[in-house]
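Q: I would like to learn how to read a model of this kind, one feature at a time. Where should we begin?

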Amino acid sequence: MMLGIEVARLLDWLPGELWRPQAVDLADLQGDLPGEVVWLAAGHPILVLVGAASGEAVVAVPKITWHGPYTPVLGVVSEKRHQLGEDLAVWLATEILAARAAREATFTTCVRCEQRLGPESMQDDGLCQSCATQDGVVF
Ligand SMILES: [Zn+2]
């Protein structure tokens with residue numbers, strides 16, 4: 001990679017006791033993420049973004065908005081950066097949990113299927129998009 005940091009190394013940074021990040025196809029998302037960072041998204045729905053910039057690791061709280069009805073846009077609510085160094089693993093473990101908690105705090109529970117989902121998946125009436133679709137709502 002242009003920054004000299006491989007995605008595989010990002011994976012190595014993530015503590016084993018945390019959930020394994022899934023390969024999220026970021027190509028499907030029109031990113032408005034800050035540039036110059038190689039990002040890895042973890043969770044489905046996405047809970048946390050971990051990135052590598054020049055000499056730094058980045059942990060970010062994701063947000064997903066819609067560009068029109070069908071195109072999700074992945075963005076960042078807030079991010080923290082830390083110099084690469086010996087205490088990186090501890091810093092990552094702490095910040096990943098904090099970012100995950102911040103993201104999960106935005107989730108609400110669908111009044112019908114009781115799934116907890118991000119605000120990008122919810123309607124104003126408290127239904128998730130998949131339950132709303134069953135009612136004939138067309139997106
Ligand atoms: Zn639902």
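Q: Which strands does helix 2 lie across, and at what angle does it run to strand 3?

A: This is a predicted model. In it, helix 2 lies across strand 2, strand 3 and strand 4. The angle between helix 2 and strand 3 is about 20 degrees.

Q: How far can the coordinates be trusted, and what is the average pLDDT of the protein chain?

A: Where pLDDT is low, the predicted coordinates should not be read in detail. Here the protein chain averages 78, and 74% of the residues score at least 70. By element, helix 1 (residues 7–13) has the lowest mean, 61, while strand 5 (residues 108–109) has the highest, 96.

Q: How many helices and strands does the protein chain have, and in what order do the elements run?

A: There are 3 helices and 6 strands. Read from the N terminus, their order is α-β-β-β-β-α-β-β-α.

Q: How do the strands of the open sheet pair, parallel or antiparallel?

A: Strands of a sheet pair through backbone hydrogen bonds, in either a parallel or an antiparallel way. In this case 4 strands make an open sheet, ordered 1-2-3-4, with antiparallel pairing. Strand 1 and strand 4 (71–83) are the edges, each pairing on one side only. Ignoring direction, neighbouring strands of the sheet are turned against each other by 30 degrees on average.

Q: How many bridges join strand 1 to strand 2, and how many join strand 2 to strand 3?

A: Strand 1 is joined to strand 2 by 5 bridges. Strand 2 and strand 3 are likewise joined by 5 bridges. Between strand 3 and strand 4 the pairing extends over 12 bridges.

Q: Which residues are bridge partners of Ala41, Val50 and Ile64?

A: Take the strands in sheet order. Ala41 has Leu49 in strand 2 as its partner, and Ala42 stands opposite Val48 in strand 2. Val50 is partnered by Val59 in strand 3. For Ile64 the partner is Leu74 in strand 4.

Q: Which glycines take a positive phi in the hairpin of strand 1 and strand 2 and in that of strand 2 and strand 3?

A: Look at the residues between the paired strands. The hairpin of strand 1 and strand 2 has 5 residues between the strands, and Gly43 has a positive phi near 100 degrees. The hairpin of strand 2 and strand 3 has 2 residues between them, and Gly55 in its turn has a positive phi of about 75 degrees.

Q: Which residues of the largest nonpolar core touch the most other members?

A: Val48, Val50 and Val59 do, in a core of 18 residues. At least two core residues come from each of strand 1 (38–42), strand 2 (48–53), strand 3 (56–67) and helix 2 (88–104). Strand 3 gives the most, with 5 residues.

Q: Why does Ile96 count as buried?

A: The cut-off is 20 or more other C-beta atoms within 10 Å. Ile96 has 22 C-beta neighbours inside 10 Å, so it counts as buried. Ile96 lies in helix 2. From Val59, Ile96 is 37 residues away in sequence and 6.4 Å away in space, C-alpha to C-alpha.

Technical notes
Residues are numbered from 1 along each chain as its sequence is written. This is a predicted model: local features need pLDDT of at least 70, side-chain atom pairs count only at pLDDT 80 or more; totals for chains, interfaces and linings use all residues. A nonpolar core is a set of buried Ala, Val, Leu, Ile, Met, Phe, Trp, Tyr and Cys residues joined through C-beta atoms within 7 Å. A residue is buried if 20 or more other C-beta atoms lie within 10 Å of its own, exposed if 12 or fewer, and partly exposed in between; C-beta atoms are placed from the backbone. pLDDT is the predictor's confidence in each residue, from 0 to 100. Two strands pair if DSSP finds at least two bridges between them. Axes are lines fitted to C-alpha atoms, for helices over the stretch in contact, and angles run from 0 to 180 degrees between N-to-C directions. Two residues are in contact if their C-beta atoms, placed from the backbone, lie within 7 Å.
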